[in-house]
Amino acid sequence: MASFQTRLLGAVVALMLAASCPALSQQLELKLMAPAAPGGGWDQTARAMQQALVAAGIARSVQVTNVAGAGGSVGIAQFVNGAKGDGNQMMVNGFVMVGALAMNRSPVTLDQVTPIARLTEETQVIVVPANSPIKTAQDLASALKADIAKVTFAGGSAGGVDHVMAALFARTIGADAKKVNYIPFSGGGESLAAILGAKVTAGISGLSEYEGQIKSGKLRALGVTSEKRMAGVDIPTFREQGIDMVLANWRSVVAPPGITAEQRKTLSDAVERMVKSDAWKDILKQKGWDDAYLGGDAFADFLKKENARVTDVLKSVGLVKS
Amino acid sequence: MDSFAALAHGMAIAVQPMNLLYALIGVFLGTAVGVLPGIGPALTVALLLPVTYKLDPGGSLIMFAGIYYGGMYGGSTTAILINTPGESASMATALEGNKMAKAGRGGPALATSAIGSFVAGTIATLGLAFLAPWLVDVAVRFGPEDYFALMCLAFVTVSATFGDSPVRGLTSLFIGLTLGLIGIDKLTGQARLAFGIPELLDGVEVTTLAVGLFAVGEALYVASRRHHAEEKLEPVRGSLWMTKEDWKRSWKPWLRGTLFGFPIGALPAGGAEIPTFLSYSTEKRLAKHPEEFGKGAIEGVAGPEAANNASAAGTLVPLLTLGLPTSATAAMMLAGFQQYGLNPGPLLFAERPDLVWGLIASLFIANAMLLILNLPLVGLWVKLLAIPQPWLYAGILVFATMGTLAAKPSVVELSMLAGFGVMGFLMRRFDFPIAPVVIGLILGPIAESQLRRALAISLGDPMTLLQSSISAALLGVALIALLAPFVLKGLGRFKANED
Amino acid sequence: MTPDSAPSDLPRGPASRSIDRSGLVIALALAALAAVLVWDASQLQSNTVYGMGPEAMPVVIAVGLGILSIGNLIDALRGNLPARESADPKAVWLILAGLALLIAIIGFGGGFILATTALFVTTSAAFGRRAILADSAIALVMTTLIYLAFDRLLTLSLPAGPLERLL
């Protein structure tokens with residue numbers, strides 16, 4: 001944590017430029033790319049990793065670079081081409097990148113990167129305004145079957161996790177995913193306002209974003225996408241209600257293509273040690289993220305499966321040309 | 001009243017000497033970073049957030065409030081002095097403010113903007129403290145169709161920035177609208193006008209356009225005309241401070257700007273640009289000397305600056321009461337609050353009154369600190385203009401590049417900056433107004449997506465625009481605002497003909 | 001877009017009523033822009049089921065641009081454009097060369113300090129200064145301080161090149 005103190009001090013004394021971080025025994029000098037602008041989820045994940053890796057003494061220094069653009073399409077292209085074979089670089093990514101790459105017909109795909117580990121995930125939720133006649137996920141399913149056009153979903157960007165979920169919901173209950181009336185809003189704030197104002201039938205988002213509204217009774221949660229009921233959350237899963245839909249908005253970290261097995265092991269070990277560190281646990285608690293560490297080949301497998309599933313759903317909605 | 005007692009308690013904590021010092025540091029850092037062109041308040045807050053981590057919650061909250069207000073204010077300083085708005089919300093300020101600075105009245109322009117920010121910030125923070133729950137109920141009633149109607153009203157008021165030729169003004173606006181089309185369509189995820197360049201998929205960054213058109217364009221234009229008569233900038237002509245006349249012309253715009261800024265800022269998709277331009281065009285219409293507009297009218301600085309700051313406080317209404325981050329800056333604030341264990345949302349006022357009132361008290365303190373820090377600095381800032389022209393403009397270009405690179409380090413982005421600079425130069429040369437381009441880029445995409453959302457919800461029925469009473473009323477006002485000048489002119493001509 | 005589509009023009013008085021050639025170019029450019037919009041919109045696949053598709057707005061804007069192109073054409077033919085003063089093409093080209101250098105140096109990995117120093121020196125020269133060495137020194141110090149401030153205090157990395165790696 002010394003680096004933050006130095007930073008604060010340095011800032012206060014204006015241009016007293018802080019020297020580099022105190023010398024630690026480790027040699028690891030990492031570069032971490034957040035394929036998004038400063039402030040977003042991926043950037044926060046990257047900066048949290050930076051903080052934890054240095055605090056736990058796993059890396060001597062970690063430098064975060066931001067390459068924003070098109071759901072990570074710009075970042076991954078630069079990463080795959082520019083960092084090839086470099087065992088000291090990693091990139092943060094997540095669910096949204098899968099869809100973004102497919103929709104933007106990116107020449108670079110997630111098959112090209114070297115998977116390292118999944119770090120966190122967030123459960124998704126479907127909500128309706130408190131005074132809505134829809135009470136359960138099955139009610140929503142029947143409304144959808146009765147007249148799919150009249151059921152409007154508010155959520156995040158087109159092709160993002162919320163959109164994929166709306167289509168998946170329709171598909172799971174046997175409705176035509178292509179006809180789902182999904183209305184993308186920019187940012188969670190605007191869609192929440194539309195739901196609270198009852199401008200739309202239902203809203204889709206990450207659970208934590210709407211938790212306050214649900215607890216205060218302004219929104220009714222119809223179901224969550226976790227596999228089993230979550231501790232401390234009084235909302236039934238879709239599975240419990242007979243709708244087989246399991247989904248999570250995950251974030252992970254990957255390495256460039258063309259690195260040696262040894263380099264991959266070094267990075268994987270570093271991330272594994274970081275996940276187990278107190279510093280990381282503190283950050284997770286602070287930010288309200290759920291630990292979803294999955295390393296090694298299991299993660300590589302998971303990535304492949306998610307890639308196939310999301311691309312398939314987007315094709316069924318017509319967002320990706322088959 | 002309970003709120004008063006809670007606020008008084010919060011104040012008591014906030015005025016402890018250590019906390020005052022934190023507020024001062026926060027304001028100083030926020031202003032210092034926010035003043036850099038191309039670095040808007042959102043980035044300022046993002047960059048400086050880690051600085052506050054190490055303090056206790058009370059102290060960090062107070063420093064954070066200082067950073068927020070400092071960042072908001074910093075953008076207007078460069079707008080006034082070197083015609084380089086740090087963010088889109090201080091663009092309206094640049095229109096008149098820079099003209100004032102060139103006429104040697106940079107001092108009063110900075111002063112009216114600092115005092116206006118203070119007045120607006122104080123009133124709006126009071127509004128936040130006492131009206132928030134009520135205001136937010138109104139705000140969520142705004143649906144996509146109502147936002148579209150609000151955008152229509154905003155488009156009508158843009159004409160105030162057109163200058164003397166409607167054809168050239170509209171041309172500028174449509175170039176802006178075209179630029180707004182570039183990138184991924186928000187509703188279908190398809191790329192428009194991206195020509196296969198991945199960097200274009202996210203669209204044109206407003207700050208890149210504004211900095212390119214204003215700062216780079218200005219540098220090119222001034223350089224191209226240097227051989228005529230070296231434009232001698234006198235930093236101070238007349239009084240460095242606001243005269244009695246300045247005060248008299250400023251106080252009403254401050255209040256009117258606050259009235260625009262606070263409620264519109266409180267709307268979940270209201271933003272800060274619309275109120276600043278509504279304020280600008282209102283002041284232009286109400287001014288006793290409308291002919292001064294475009295040459296450096298102090299009303300045109302006082303109003304938009306107040307509106308800008310009031311809307312900043314307004315965005316805290318949905319943020320604190322609903323947990324709704326309605327702007328990039330608000331999203332950063334949310335991240336900051338969560339850092340301090342403050343989870344904005346409907347339960348916040350009930351669960352953590354100490355922190356909420358502490359925050360509101362911090363906002364008051366930070367706002368006052370801003371004034372205390374910046375008024376004495378006015379003299380120093382104005383001296384910037386005394387830097388020899390070659391260094392001044394070379395420095396502006398370096399800082400403009402720096403801002404662009406900090407936000408998006410890519411060659412494509414730099415090329416756009418240069419391209420917009422050339423465009424800004426040509427537009428100045430051929431007398432096309434510049435502001436409408438940026439406004440088109442901001443308003444066009446919002447208007448389009450809100451209209452399309454409204455139509456998707458109504459399954460394609462355009463009558464939805466008239467069925468909502470808010471939307472119908474706003475469209476009515478827009479229509480009157482559009483037609484009134486023509487009707488009045490027609491009447492005038494009619495009378496003239498009768499003579 | 002070249003900056004000298006007009007600077008070669010002689011100064012003209014406000015009374016000039018002849019056809020304005022630059023005005024014609026502007027009108028033509030607007031018409032071309034409208035055509036590009038329509039072409040691009042035709043490439044979009046309309047998979048919108050409800051409401052308005054992504055191609056509607058570009059077409060509306062294209063129509064507006066078309067009308068404005070005619071408006072600008074009329075202004076140009078009538079010679080209604082405001083008077084222009086002669087411009088100094090050398091200064092403009094110098095700054096543009098500076099911007100091109102900046103982009104090239106960043107593009108080839110030369111780093112922030114070198115790139116912005118080049119921009120500073122050319123811009124300063126465009127404004128009539130001839131002290132290239134002194135300006136280079138000032139620029140180097142200034143941009144190095146900026147780089148360090150961003151890197152160390154704000155943890156935001158500006159493009160790094162050989163010079164930055166020495167720090």
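Predicted model: local features only at pLDDT ≥ 70, side-chain atom pairs only at ≥ 80, totals over all residues.

User: How many residues of chain C are in contact with chain B?
Analyst: Residues are numbered from 1 along each chain as its sequence is written, and chains are lettered from A and ligands numbered from 1 in the order in which they are written. Contact means that C-beta atoms, placed from the backbone, lie within 7 Å. On the chain B side 53 residues take part, and on the chain C side the number is 57.

User: Which helix gives the largest share of that side of chain C?
Analyst: Helices here are DSSP runs (H or I, at least four residues), numbered from the N terminus. Those of chain C that give two or more residues to the side touching chain B include helix 1 (21–43) and helix 5 (132–153). The largest share, nine residues, comes from helix 2 of chain C.

User: Where is the kink in helix 10 of chain B?
Analyst: The bend at a residue is the angle between axes fitted to the seven residues ending there and the seven starting there. In helix 10 of chain B the kink is about 30 degrees and comes shortly before the proline B:Pro253. Its position is B:Ser250.

User: What is the average pLDDT of chain B?
Analyst: pLDDT is the predictor's confidence in each residue, from 0 to 100. In chain B, 88% of the residues score at least 70. Helix 18 (residues 411–429) of chain B has the highest mean among the elements of that chain, 93. The chain B average is 81.

Technical notes: Contact = placed C-beta atoms within 7 Å.
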